[in-house]
Amino acid sequence: MWISITLFAALIQSVRFVLQKHLRSTQLSTLGATFSRFFFAWPCLLAVALIYSDVTSMPLPQTTPLFWAYGVAGALGQIGGTICTVALFAHRNFAVGAAFKNTEALLIVPISLLLLGEGVSGPMLAAIALGVLALLALSESPGRAGSWRARVVTPATGLGLGSGLLFALAAVGYRGASLNLVGGDLFLRSALGLGYLTLFQTLAMAILLSTREPGQIARVIGAWRVASLVGLTSMLGSFAWFSAFALQKAAYVKALGQTELIFSFLFSTLLFKERSAPREIIGIATLLLSVLCVILFARV
C-alpha cells in the first residue's frame, strides 16, 4: 500500500510545484507562494478529520509531547524546504530544480538513523546512492565558464541542497509525529495530525509575512483561484506523504518519492516547453533506474 500512496504523493506534489511556479512568476513573492500551500489546506484537513470521526464514531487521536516535538521540527523543515524550492525555480528550469530537491532521498538516511534509529539495508542504500549520483548529471549550470567548482558551486546548488536537507528533516519529523499519535485509524491520524501541523505552519508563515512582506497575505487571498488549488494539492500530497510515513520507513518512502522528478520532467517538457540537455536526460533516466531498484529491494 505504501508504494501506491507514495507514487500518488509524488504526482500530486509535482502538480503543486507547477501551480506554485505559476504563482511565483505571475502574482506572488516566494514567501507568498509558499504561504498559499498552508493557508488553504489546514481548514480542509481539520474538517475532514472531524467529519470522519463523527461519521465513524471514532474518537479523535490523542497527541503526545513527542508528536509535537517531531511534528514542529518537520513542519518548520517543510516551510524552509518549500521556500528554497520555489526560489530555486528562478535559477534553473522546472525539471532540474525538482531534481536538486531530491537530494533529500540520501540526506534522509543519516537523519532518520540519528533521530528515529531506523537504518536501511545495504542494497537499498546503494539504490538510493545511485539516484543521488544521477543528480551529478544535473549539477552544473549551463553556460558557466571556468573551473568545475565555479560551475557547480552556484546559488542554484545551494538552494537545491538546502531544500533537500530541510525536506529530509520534514520527512523524518512527520514519520516521528505519525508514530506518536494515539488512537484512530491511519486515515484519521493522518488527517488530524496534518491539520494540526498545517495550522501551525500557517500561523508561523503569517507572522513571517506580516513582518517581512506586509500586504502579501492580502495578495495570496486575492489570488485565491490558483492559490486554493495549491492548497488542495498540498492537502492531498501531504496527506499521502503522512500516510506513507506511518506505513514505511521515511528513507524508503522518499527514495521511491524521487519519481516526482519523472513527473516534473514531463511537466517541464509538455507544459512549460522547456528543453533539457542530453546530460539532463541521462541523469533522469539513471534516477528512474534507482527508483525501480528501490521498489525491488523494498519488496524483497
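Start by selecting helix 3 (residues 42-56) and helix 10: their axes come within 8 Å and cross at roughly 150°. Here an axis is a line fitted to C-alpha atoms, for helices over the stretch in contact, and angles run from 0 to 180 degrees between N-to-C directions. Helices (DSSP runs of H or I, at least four residues) and strands (E, at least two) are numbered from the N terminus.

Before we go on, a word about what is on your screen. This is a predicted model, in which local features need pLDDT of at least 70 and side-chain atom pairs count only at pLDDT 80 or more, while totals for chains, interfaces and linings use all residues. Residues are numbered from 1 along each chain as its sequence is written, and side-chain values use heavy atoms, with hydrogens and water left out.

**Stop 1: helix 3 and helix 10**

How do helix 3 and helix 10 run relative to each other? They are roughly antiparallel, a label for angles over 145 degrees; under 35 counts as roughly parallel, 65 to 115 as roughly perpendicular and the rest as oblique. The crossing of helix 3 and helix 10 is left-handed, which is the case if the near helix is turned anticlockwise from the far one by less than a right angle; clockwise makes it right-handed.

Now show the side chains of the contact (heavy atoms within 4.5 Å). The contact is made on the helix 3 side by Trp42, Leu45, Leu46, Val48, Ala49, Tyr52 and Ser53, and on the helix 10 side by residues including Phe187, Leu188, Ala191 and Gly195. Sorted by type, the residues of this contact are 13 nonpolar, four polar and no charged. In this sorting, Ala, Val, Leu, Ile, Met, Phe, Trp, Tyr, Cys and Pro count as nonpolar, Asp, Glu, Lys and Arg as charged, and the others, Gly among them, as polar.

**Stop 2: Ser57**

Next, select Ser57, in the loop between helix 3 and helix 4. Its phi is near 55°, a positive value in a residue other than glycine. Is Ser57 buried or exposed? At 64% relative accessibility, Ser57 counts as exposed; the cut-offs are under 20% relative accessible area for buried, over 50% for exposed, and partly exposed in between (1.4 Å probe, protein chains only).

**Stop 3: helix 2 and helix 4**

Select residues 30-39 for helix 2 and residues 65-88 for helix 4: the two pack at an angle of about 130°, with their axes 9 Å apart. Helix 2 and helix 4 are therefore oblique to each other, and helix 2 passes helix 4 in a right-handed crossing. Helix 2 brings Thr30, Leu31, Ala33, Thr34, Arg37 and Phe38 to the contact, and helix 4 brings Gln78, Ile79, Thr82, Ile83, Val86 and Ala87. The residues of this contact divide into seven nonpolar, four polar and one charged.

Stay on helix 4 and click on Gln78. With 8% relative accessibility, Gln78 counts as buried. Which residues does Gln78 touch? Leaving out residues up to four places away in sequence, Gln78 touches Arg37, Phe38, Leu166, Phe167, Ala170, Tyr174, Gln201 and Ser238.

**Stop 4: aromatic rings**

The structure holds eight aromatic pairs. Rings of Phe, Tyr and Trp (its six-membered ring) pair if their centres lie within 6.5 Å; planes under 30 degrees apart count as stacked, over 60 as edge-to-face and the rest as tilted. Show Phe67 and Trp68, an edge-to-face pair at 5.1 Å centre to centre, with 80° between the planes. Phe67 is buried, at 0% relative accessible area, whereas Trp68 is partly exposed at 35%.

Then move to Phe187 and Phe239, with ring centres 5.0 Å apart and planes at 65°, so this pair is edge-to-face. Phe187 lies in helix 10 (residues 186-212) and Phe239 in helix 12 (residues 224-247), so the pair ties together parts that are 52 residues apart in sequence.

For a cluster linked by ring pairs, select Phe35, Phe39 and Phe40.

**Stop 5: Lys254**

Find Lys254 in helix 13 (residues 250-256). At 7% relative accessibility, Lys254 counts as buried. Among the residues that Lys254 touches, not counting those up to four places away in sequence, are Glu104, Trp241 and Phe245. Lys254 and Leu106 are 148 residues apart in sequence and 8.7 Å apart in space, C-alpha to C-alpha.

**Last stop: the whole chain**

Zoom out: the chain has 15 helices and zero strands. Of its 300 residues, 53% count as buried.
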